[in-house]
Amino acid sequence: MLLVKWSLVDLESLKMNTVQEHYNNQLAAIYGWMAGSSEIAIKQNYDLLCQLGVDAQPKDLAIDLGAGLGFQSIPLAEMGFTVVAVDFCADLLAEWRDRAEKLAIRIVEDNILNFSKHIESKAALVVCMGDTITHLESFDAVRALIANIENVLTANGKLILTFRDYVSLELTGKQRFIPVKSDDSRILTCFLEYHPDIVEVHDLLYIKDGDRWLMHSSSYPKLRLDANWLCSEIKELGFQVVCNQIINGMICIVAQK
Ligand SMILES: C[S@@+](CC[C@H](N)C(=O)[O-])C[C@H]1O[C@@H](n2cnc3c(N)ncnc32)[C@H](O)[C@@H]1O
């Protein structure tokens, strides 16, 4: 019988990283594997964007904040938008740069808080989807980002946010261990540790190395963002909230300027 040895590779990485370090050192290399088929993710986002009425609005400039592997940028470009896709993770952006070049997508490697430096005209649409907004480091940063978005949107322009609810539901005990994905050579488990304003997300990745499993662990903070708080901030900044509901397991907020 094969004896399987488990070893802890990097004790240092048990300390919490910044979000950018976490993506650079841990998530970028496995994001595509974790997400599954890119084509399915792109189609699901295409359908969601249509459900939110995006296909029926003027196809001008759209900005994708936290673009990752392009799961929102690509369907937006296919609908006819000119897209600026912003993300600070170079390795993720490199994976679909060639495809972006064949579409009307300009990739920008930067912090989403700096996005407005990279655009020359007003935008009809800004999306920040797939739980990206919870990656910001504070509620003040969320407010500053929304204010900045309001500045760059055209009249009637839309903002779409989708993010996970870490507020109304707090997992306890063994519920906090979430099996994310596994195959013959990799196992990814996520452990959630709740603090008052953040949830510390521990990603535990086991990689098969011959007859051993090596563990890579890294954790990073996500904001526990209250949808009602966010909606009231959005309204105070001059938007009308036209949708605030759970879609595909995520809070989905659509706001119109
Ligand atoms: C959970 S992924 C979502 C990616 C994509 N929107 C999707 O739905 O698949 C979050 C993405 O946001 C990026 N990100 C997080 N915080 C960021 C920041 N402050 N500035 C730039 N990119 C950021 C990460 O690099 C990552 O690609």
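Tutor: Happy to; we will go from the sheet to the helices, then to the core and the chain. This is a predicted model, in which local features need pLDDT of at least 70 and side-chain atom pairs count only at pLDDT 80 or more, while totals for chains, interfaces and linings use all residues. Residue numbers start from 1 along each chain as its sequence is written.

Let's start with the strands. The sheet is open and mixed in its pairing, with seven strands in the order 4-3-2-5-6-12-11. Helices (H or I, at least four residues) and strands (E, at least two) are DSSP runs, numbered from the N terminus, and two strands pair if DSSP finds at least two bridges between them. At the edges stand strand 4 (105-109) and strand 11 (240-247); each has a single partner strand, so one side of each lacks a neighbour in the sheet. From one strand to the next, the twist averages 15°; here axes are lines fitted to C-alpha atoms, for helices over the stretch in contact, and angles run from 0 to 180 degrees between N-to-C directions.

Now for the helices. Helix 5 (residues 90-101) lies across strand 3 (82-87) and strand 4, at about 160° to strand 4. Helix 6 (residues 139-152) lies across strand 5 (123-128) and strand 6 (153-163), and runs at about 145° to strand 6.

Next, the core. The largest nonpolar core has 60 residues, and A62, I63 and V126 have the most contacts inside it. Such a core is a set of buried Ala, Val, Leu, Ile, Met, Phe, Trp, Tyr and Cys residues joined through C-beta atoms within 7 Å; buried means that 20 or more other C-beta atoms lie within 10 Å of a residue's own, with C-beta atoms placed from the backbone. Strand 5 gives this core its largest share, six residues. Not counting residues up to four places away in sequence, I63 touches V84, V86, F115, I119, A123 and V126, a contact being two C-beta atoms, placed from the backbone, within 7 Å.

Stepping back to the chain, its secondary structure comes to seven helices and twelve strands. Along its principal axes, the C-alpha trace spans about 65 × 40 × 30 Å. Of the 257 residues in the protein chain, 34% are buried.

Notes. Buried ≥ 20, exposed ≤ 12 C-beta atoms within 10 Å, placed from the backbone.
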